[in-house]
Amino acid sequence: MEIDLTLDELDPAGAICEAHENVHRDSRATFLRKATVGGAALVGALSVVPAGGSQSANDVDILNYALTLEYLQASFYTEAKRVRALRGKAREAAEVVGAVERAHVQALRSALGSAAVARPTFNFAGVTKDQRQFLKTAVAFEDLAVGAYKAQAPRIRSKPILAVAVSIHSVEARHAAWMRRLFGIVPAASAFDDPVSKPEATRIVASTGFITSSGKTEREAEPRFTG
Amino acid sequence: MHHLSQDSRHSRSELLQRAVVAGGALTAGAVVVAGLPKLASSAPSPAQDVRVLNLALLLEYVEAAFYAEARAKGNLRGELRTFAEVVGGHEQQHLAFLKKTLGGKARAKPRMAFGKATTDPDAFVAAALALEDTGVAAYNGQATNLTAGALAAAARIVSVEARHAAWIRSIVGKSPAADATDSPMTAAQVLKAVRKTGFLRS
């Protein structure tokens, strides 16, 4: 393994390892803070991507598609938090995951600038009022997001956008596993996760009936993400 | 907005982590290209796919052998035992997939020794957590170095590693998803993290 010795010399002082280990001892407040501050960093990471028309039409379409899925998730968790029907670990997970999804929305909107699609209007038909219904829906959303990002990753042309997209993709998979465990099903159902094509994802989302309109005024009615 | 100074115990590592999130995703590819000409060239290519997938193969060798030994020793109970069985099965499939994909270009299986990590539940958890989080960061760090075909295949694996990481974290009461993005690691950082486990004997 002589190549490994060469690689080892280039490692920056083990800083990453230390950061990695320290993540393992966290309080809930710390999780939430990280989710929000991490979101700010994500906005920073995406902001060096030229916004508002400088990206290829291909990548703008993909980012807007991702944004739509993130709107769906963020609004769902935000409503669950407002409704206050969740208890215990489900409530904690909803808060943390919700903060992360809102951070994803903020980052994607920031990267897209004026090209960002508006937030649709949602009606979650009461699933946020019941813990089992909430968890079942959360599992479906998170598994869908994993498959959707996975299908788009090889289609992204910009390397910085791809780097951010894959780093969101694996977080969605963590969320999916977390929600699945809370729902009482195996967090990782198979050795390989399948991609979900855009037409298939669009069909699944449409079948829920949760998107009631693509109205452009809803965004003003929603609470702004304040970090 | 929360303030960074609220919890000084975490502040340094968090700053580091955020730096990784903010900068790492964008610079990881460039660092690999600039510093590791043997591992990565400037643009994705089939030859580079081989080098990247061999890095993944090293991790999968360690993971698969680790869980196989833990299952064979039979010391784990409850959900930890289920975790080792399910995840071990997945890692065996990842290993088989990568070996088949790489064919004659697959690196040799390293010699490994796991010590008490496959018998002591606390040591098992710590090792599983480190291996799974490293697996996620390793695949993420190489995404921009892969051809579209290899990326599509790697993407089917990395999210499963992320599920494993979240699962073991959840079992022991740690945040399954500690940030809005997963920090990538360069190849050098991955190798360092794997070596730090002490499991490699060759």
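Predicted model: local features only at pLDDT ≥ 70, side-chain atom pairs only at ≥ 80, totals over all residues.
What about the inside? Chain A has 227 residues, and 56% of them count as buried.

## How chain A is put together

Chain A is built from nine helices and two strands. Start at the N terminus and you read α-α-α-α-α-β-α-α-α-β-α.

Take the contacts in chain A with a separation of 6 or more: 87% of them come from residues 24 or more positions apart.

## Two loop residues with positive phi

A:Arg84 isn't a glycine, yet its phi is positive, at about 60 degrees. You'll find A:Arg84 in the loop that links α4 (57-83) to α5 (88-112) of chain A. Its relative accessibility is 71%, so A:Arg84 counts as exposed, the cut-off for that being over 50%.

A:Ala125 is another non-glycine with a positive phi, this one about 55 degrees. The residue belongs to the loop between β1 (121-122) and α6 (131-152) of chain A. Is A:Ala125 buried or exposed? With a relative accessibility of 61%, A:Ala125 counts as exposed.

## A helix pair in chain B

Over in chain B, look at helix α3 (residues 78-102) and helix α5 (residues 148-171). Their axes come within 11 Å and cross at roughly 165 degrees. Because angles over 145 degrees count as roughly antiparallel, α3(B) is roughly antiparallel to α5(B). As for handedness, the crossing of α3(B) and α5(B) is left-handed.

Which residues of the two helices meet? On the α3(B) side there are B:Glu79, B:Leu80, B:Thr82, B:Phe83, B:Val86, B:Val87, B:His90, B:Glu91, B:His94 and B:Phe97. Facing them from α5(B) are B:Ala153, B:Ile157, B:Val160, B:Glu161, B:His164, B:Trp167, B:Ile168 and B:Ile171. Sorted by class, the contact between α3(B) and α5(B) has 11 nonpolar, four polar and three charged residues.

Conventions:
Residues numbered from 1 in each chain as written. Chains lettered and ligands numbered in written order. Heavy atoms only, no water. Axes fitted to C-alpha atoms, helices over the stretch in contact; angles between N-to-C directions. Helix = DSSP H or I, 4+ residues; strand = E, 2+ residues; numbered from the N terminus. Parallel < 35°, antiparallel > 145°, perpendicular 65-115°, else oblique. Left-handed = near helix turned anticlockwise from the far one by under 90°. Contact = heavy atoms within 4.5 Å. Nonpolar A, V, L, I, M, F, W, Y, C, P; charged D, E, K, R; others polar. Buried < 20%, exposed > 50% of the residue type's maximum accessible area, 1.4 Å probe, protein only.
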